[in-house]
Each structure stands twice: as structure tokens, then as C-alpha cells.
Amino acid sequence: AKDREDAKKYVSVGDYATFASDFVTFGKDGSMMKGKALDDRAGCALLIEIMRDLHREPCNLPFDVCFAFTCCEEVGISGANVAAFGIQPDTAIILEATAVNDLPGAGRSFVSTQGEGGTLSLCDRGTIYDMGFINYARQTAEQKELKVQLKQAFTGGTDAAHIQRSLSGVRVLGLSLPTRYIHSASNVALCEDFEQTYRLVVAMIRNWKLD
């Protein structure tokens, strides 16, 4: 639209718009992925791959595993709150994406590093995460020779805050995919980090030993 009046021919007050950003892989051997809203679509994709893995090689688990694809995390009206009251979990792993601040001129202030696997949160603006759960994830990664890292900043917030405070309380773990240009129309993540994150969660579920 060239001006306000021209724009009114196409949209009305209250309409919303989004960027037309395709999902593509690029880089050497398609090692990188680019798309809009990988935070939190990456979390949804991880859930799907975990379900496929558990279905492909079934195992007799001593507990139920539920998968919740929630809405409105980014605007604070969390569908995870409703899901938590419906499922009533004992523990919850929250999968999403987190920032990578490794651009030129950014200095030493970074949140996570691409190529080092998923990112475990210690604390953010909504949650202090369960240290036993964090240690279990790190021990599993070490045993299975998988990469995982600790988030280097106490920033942001996730669905974990709503789930942790539901009912009489839930043990939560935050695991995020390191993603450049987060909250933009062109998020960029490393496919290997995605693979490492999904494999870690599967290993944790299949060999559950959380004290």
C-alpha cells in the first residue's frame, strides 16, 4: 500500500498480518534450517519426532507419556495451564527455542551456542528449574554421548511457569533449541542441535531414573 487510504482497500482495523516466510534448509548438506516462529514450532516438531521414535521402537514404560501442543505461550495466555490441569503430570519437559546472540559486535553476552546441543534453563523470569531434573538430563547426555548446554542468561519465560504452579506443583525441565534471529520472520537453527535435543529426550524417557 502506498499510503493509509490505499491500505484501507485491503485491510480493516483489527485485521492481523504475518510475514510470508518459507521453511527451507540450507548450508553445507542442508545443515541449517530457516523458518518463521521456530520458537515455538521447533518444540512441536521435537514432540512429533519423539512420538515417532517411541512408536517405532515401543518400550514398556512404568508411566504414561502425554504430549501437549499448547497455544499462546508468547503472549502469556498459556494453553499449557489448561493442559496441566487436564493431564495432572508429575513431571514435565518443556520443549521450545531460545536465543543465540553470537552476531558480530554482540560482545560476550550470549544465551546459547549453536552446535552444542539443546539448552537447559536454570532460571528465567517465570521459573526456577528443578536441579535434580537438570542433573538427570546432563547425566543422560553424558552417558549417551549427546551434547547439551546450560543457558547463559536468566532471560525470557516459558510454559514451564504455568505448569510448575499447577495443582500441587510439578517438577519441570526447560530444554530449548538454540536459534538465531528468534522472534523474527527468519529464525535459523542447526539441524544437528535439533537431532541432539530429540535424542536426549528419548533417552531420558526410555531410561527414566529421575530421583
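Helix α2 contributes the largest share of the lining of the largest pocket, 7 residues. The model is predicted: local features require pLDDT of at least 70, side-chain atom pairs count only at pLDDT 80 or more, and totals for chains, interfaces and linings use all residues. Residues are numbered from 1 along each chain as its sequence is written, and side-chain values use heavy atoms, with hydrogens and water left out.

A pocket here is an open set of points on a 1 Å grid over the protein atoms alone, where a 1.4 Å probe fits, with protein on both sides within 12 Å along at least five of seven lines; lining residues have an atom within 4 Å of a point. The largest pocket has a volume of about 1,000 Å³, volume being the space filled by probe spheres set on the points. Its lining comprises 40 residues, of which Cys 66, Phe 67, Ala 68, Ala 92 and Ile 93 lie nearest the centre. At least two lining residues come from each of α2 (38-56), α3 (79-87), β3 (91-99) and α6 (191-206); helices (H or I, at least four residues) and strands (E, at least two) are DSSP runs numbered from the N terminus. By class, this lining has 26 nonpolar, 5 polar and 9 charged residues.

The second largest pocket holds about 430 Å³ of space. Among its 22 lining residues, Glu 73, Arg 125, Gly 156, Gly 157 and Thr 158 are the closest to its centre. Strand β3 gives the most to this lining, with 4 residues. The classes here are 5 nonpolar, 9 polar and 8 charged.

The largest nonpolar core has 37 residues, and those with the most contacts inside it include Ile 163 and Val 172. Such a core is a set of buried Ala, Val, Leu, Ile, Met, Phe, Trp, Tyr and Cys residues joined through side-chain atoms within 4.5 Å. Helix α6 supplies the largest share of this core, 7 residues. Val 172 touches, among others, Ala 92, Phe 133 and Ile 163, not counting residues up to four places away in sequence; contact means heavy atoms within 4.5 Å.

Aromatic rings come next. The whole structure contains 3 aromatic pairs. Phe 133 and Trp 208 form an edge-to-face pair, 5.9 Å centre to centre with 85° between the planes; rings pair if their centres lie within 6.5 Å, and planes over 60 degrees apart count as edge-to-face. Phe 133 is buried at 0% relative accessible area, whereas Trp 208 is partly exposed at 27%; buried means under 20%, exposed over 50%, and partly exposed in between (1.4 Å probe, protein chains only).

Conventions:
Nonpolar A, V, L, I, M, F, W, Y, C, P; charged D, E, K, R; others polar. Phe/Tyr/Trp six-rings, centres within 6.5 Å; stacked < 30°, edge-to-face > 60°.
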